[in-house]
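This report covers the sheet, the chain as a whole and the ligand shell. Please read it alongside the sequence and the model.

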Amino acid sequence: MSTVTSLLSPTTLPFQFQTTVPPLQFKTKKLRQSTPKMSTNNNLNPTQLITPITKLLWGKSLPPQLLISTVRSTWFTVWQLMMSQLAPSDPSGSYTRPVSQFRNPNPQQLNPNTLHLYAALPCPWAHRTLIVRALKGLQHAIDVSIASPGLDGSWEFKDEAVPVGDKLVPTRDKVNGATNLRECYKMRRGGYDGRCTVPMLWDVEKKEVVCNESYDIIELLNSGFNRVARNPDLDLSPPELKKQIDEWNQIIHPSINNGVYRCGFAQSQEAYDSAVNELFSALNTVDDHLRGSRYLCGDKLTLPDVCLFTTLIRFDLVYNVMFKCTKKKVVEYQNLHGYMRDIYQIPHVAETCNLDAMMDGYYKFLFPLNPGNIRPVMPSASHHEFLLQAHTRESLSTSQQSLQVLVT
Ligand SMILES: N[C@@H](CCC(=O)N[C@@H](CS)C(=O)NCC(=O)O)C(=O)O
């Protein structure tokens, strides 16, 4: 991936330009005069450099037709190469999510006091684990290191960011002192050469990856460590709701959580059409259901609600625009937006939602889908203040039991 990224570094001209450019030697003096000064932080906007170079070589700007036809074919080829590596697809161009390598942790064999969670704020899969950790009251037992997206597409650890209110912010690697997540994965006995994804649960004593599959981690946090949890009575996956939970998971994971990625990473029109239809049909099903039910499985918040929430909170901010999930915004639905605000307002949930980090993580770092790196303005209905507005969904609850447990 770093090879692909470096091929596309902003300072590299498309290949065909390089081959057609006449030798530069005898013009270097003039070039130096007409090249704008580098800014002191080396943060030069490449267009500042390219325009004077093309003027110097051709005497004027490049003809738009030449520019467009050359860059179009070059860019499309490189985009396909890059997507095939970063977002693998089947022959029809549909995104196929790679499977996680470390699964099914056994709580009997784990000591919560030696566990450490690696997460990142833009990532919806990591976000699930941060929410369940907070709702269960496990923050004191299982500490978290929060990675930031790097320019080469990897997860990095930087110096502790200054907290904004009570929101979680990126941190350094608190247990391994690594500068990026790959280093941590590689520290396990036997090393590691696969995808280095967040969330990842790490055993500090054994220096081992315990699990890197978000649903396994939230099940573990929900029921595996009640002996140390401050909120042991909260059960987000109670046995009597297991059947409903499984049924919702079978809709929400493929069609919504992964569905938005299948829209954004589609590599053919057909693949996109099929993903986007499936996504909005699932959102309609959920919205209809939520008309008469406070949460997906009734009065009690359960794991599928947490999973749905982390996609919904990013939907209007990111997926609607960048992943082309354009049929509707969450704010336009009758029930989904109130439902999302209801969950946002559960104590400790808003702390896990760093809306700025979410926007930056996608628009500024998911380079293949937004090569210009421009971050659009945050929609007003996605602002923290708006999310705190009344939702009136309490009236759908037939009992107060679930809330009493949540508010401890
Ligand atoms: N199946 C995993 C997916 C996690 C995942 O895709 N995480 C992304 C961030 S949103 C990641 O770390 N990607 C880095 C990579 O693929 O190299 C889970 O649910 O835990």
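Which residue is the bridge partner of His116 in S4? The partner is Trp202.

## Basis

The model is predicted: local features need pLDDT of at least 70, side-chain atom pairs count only at pLDDT 80 or more, and totals for chains, interfaces and linings use all residues. Residues are numbered from 1 along each chain as its sequence is written.

## Sheet

The sheet is open, has 5 strands in the order S3-S2-S1-S4-S5, and shows mixed pairing. Its edge strands are S3 (155-156) and S5, each of which pairs on one side only. Strands, like helices, are DSSP runs numbered from the N terminus (helices: H or I, at least four residues; strands: E, at least two). Pairing requires that DSSP finds at least two bridges between two strands.

S1 and S4 run antiparallel and are joined by 4 bridges. Leu115 stands opposite Asp203 of S4. S1 and S2 (residues 143-149) run parallel, with 5 bridges between them. In S2, His116 has Asp143 as its bridge partner. From S1 the chain passes through helix H6 (residues 124-136) to S2 in a right-handed β-α-β crossover; right-handed means that, with the strands pointing away from the viewer, the path from the first strand over the helix to the second runs clockwise.

## Hairpin of S4 and S5

S4 (residues 200-203) pairs with S5 (residues 208-211) in the antiparallel sense over 3 bridges. Trp202 is opposite Val209 in S5. The hairpin has 4 residues between the strands, and Lys207 takes a positive phi near 50 degrees.

## Chain totals

The protein chain has 15 helices and 5 strands. Of its 408 residues, 33% are buried. Among contacts with a separation of 6 or more, 70% are between residues 24 or more positions apart; a contact requires C-beta atoms, placed from the backbone, within 7 Å.

## Ligand shell

The residues around the ligand include Ser100, Cys123, Trp125, Arg195, Cys196 and Glu213; the criterion is a C-beta atom, placed from the backbone, within 6 Å. The shell divides into 5 nonpolar, 4 polar and 2 charged residues. Nonpolar covers Ala, Val, Leu, Ile, Met, Phe, Trp, Tyr, Cys and Pro, charged covers Asp, Glu, Lys and Arg, and the others, Gly among them, count as polar.

How values were computed
Buried ≥ 20, exposed ≤ 12 C-beta atoms within 10 Å, placed from the backbone. Contact = placed C-beta atoms within 7 Å.
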